[in-house]
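I open the notebook on a new model. I take the entries one at a time.

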Amino acid sequence: DESDPKVCFKDIYVQLKVQPLTQGGEVKQHDKPICSHEWTRQILEQPATQPRKVMFLEGEAGRGKSVFCRMIADWVRDEFSDAFIPLRIRLRDLRVLAHTLTETLEAFPDLEQAHFVRGESNWLLDKNTRFLIILDGFDELLLQRTATAGLKDFLQQVTDFQQRSHHQLLVTGRPLALQGVDRLITQNKDLESVRLEPIEDDLREQWLTNWQAIFGADKAQKFRKFLKACPTQITDTLAREPLLLYLLARLNREDHLTHDMFANDQSKQRHRVQAKLRIYRASVNWVLEKQRQTENLRLSGLGDLKDLR
């Protein structure tokens with residue numbers, strides 16, 4: 001809802017890094033984090049003779065998975081326009097899990113209208129057309145069955161589809177969603193898994209440069225001063241998550257959070273603690289009330305924001 005001036009994702013987006021993972025979800029010892037867009041390029045540019053694996057990107061809430069999906073779709077449209085057509089699907093909108101991924105996609109409202117699977121277009125089966133199918137929000141599947149069984153069935157559908165398809169699948173989700181399906185993932189050799197990493201210092205400085213280009217040097221310097229004054233729990237935890245970094249920058253810009261909340265005088269330690277609590281409270285309230293509004297209650301199955309908080 002930024003309107004004065006208007007702010008778009010592309011204005012402040014930075015290309016985060018991903019850490020390659022083993023099948024067991026552990027960090028690969030000899031593989032350092034790489035740019036998420038470079039990781040995508042490496043997968044898409046694999047030779048046709050090499051079997052394709054499902055790209056599986058995991059990350060904590062607010063780490064930037066959904067914005068990555070938006071931005072990588074736009075990037076692929078520019079970089080691979082002759083090779084791959086990006087197609088982004090929010091899995092939270094999925095209501096039915098059919099017997100195969102093809103049937104599941106066929107029942108998806110937006111794709112059904114475009115005759116994506118069947119009918120005159122039949123895009124999915126056209127051997128001259130390749131899609132990068134981005135399935136965003138593995139942990140937000142709304143399925144008419146138990147959560148664990150639904151996730152297992154869906155993951156099996158995805159890997160079965162990839163084995164038989166000339167398209168490329170990319171799935172994102174929170175690590176929380178992997179509970180109960182970890183054995184299936186560990187045994188699954190058809191997943192290329194990475195973890196979205198928090199914002200490093202150089203990327204955060206790039207983000208602040210983007211922020212400055214929109215709101216000016218004074219506002220950007222004011223926010224840098226605020227981050228420097230914050231306790232390490234804020235600077236090195238909340239301010240490493242893209243969603244909360246934006247939130248802190250906005251609240252600072254609007255003078256809800258300022259650097260003088262954190263006094264250096266030890267006698268004001270209680271004041272510092274209260275200021276830190278204000279930041280956490282503001283963050284939680286914003287995520288609960290602004291980020292998805294009524295979607296939060298529907299996705300959690302709860303009837304009241306107090307219970308969700």
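Which residues of H3 are buried? I work from a predicted model. I list Lys65, Phe68, Cys69, Met71, Ile72, Ala73, Trp75 and Val76 as the buried residues of H3.

Next, the length of H3. The helix covers residues 65–79, and at 1.5 Å a residue its 15 residues should span 21 Å. I find the end C-alpha atoms 20 Å apart, which agrees.

Then Ser36. I place Ser36 in helix H2, residues 36–44. Ser36 has a relative accessible area of 1%, so I note it as buried. Its side chain reaches the backbone oxygen of Leu16 at 2.8 Å. Beyond neighbours within four places in sequence, I see Ser36 in contact with Tyr13, Gln15, Leu16, Lys17, Val18 and Phe68.

On to the aromatic rings. I count 7 aromatic pairs in the structure. Trp75 and Phe80 form an edge-to-face pair, with 5.9 Å between centres and 65° between planes. Both Trp75 and Phe80 are buried. The ring centres of Trp211 and Phe215 lie 4.5 Å apart with planes at 45°, so I log that pair as tilted. Trp211 and Phe215 sit 4 residues apart in helix H8, about one turn. Trp211 is buried at 1% relative accessible area, and Phe215 counts as buried at 14%. Ring pairs join Trp207, Trp211, Phe215 and Tyr246 into a cluster.

Last, helix packing. H8 (residues 201–215) and H9 (residues 217–229) pack at about 145°, with axes 7 Å apart. From H8, the contact includes Trp207, Trp211 and Phe215; from H9, it includes Ala217, Phe223 and Arg224. I sort the contact residues into 7 nonpolar, 2 polar and 3 charged.

Note on methods: Residues numbered from 1 in each chain as written. Predicted model: local features only at pLDDT ≥ 70, side-chain atom pairs only at ≥ 80, totals over all residues. Heavy atoms only, no water. Helix = DSSP H or I, 4+ residues; strand = E, 2+ residues; numbered from the N terminus. Expected span 1.5 Å × (residues − 1). Buried < 20%, exposed > 50% of the residue type's maximum accessible area, 1.4 Å probe, protein only. Axes fitted to C-alpha atoms, helices over the stretch in contact; angles between N-to-C directions. Contact = heavy atoms within 4.5 Å. Nonpolar A, V, L, I, M, F, W, Y, C, P; charged D, E, K, R; others polar. Polar contact = N/O pair within 3.5 Å; in protein donor to acceptor, adjacent residues only side chain to side chain. Phe/Tyr/Trp six-rings, centres within 6.5 Å; stacked < 30°, edge-to-face > 60°.
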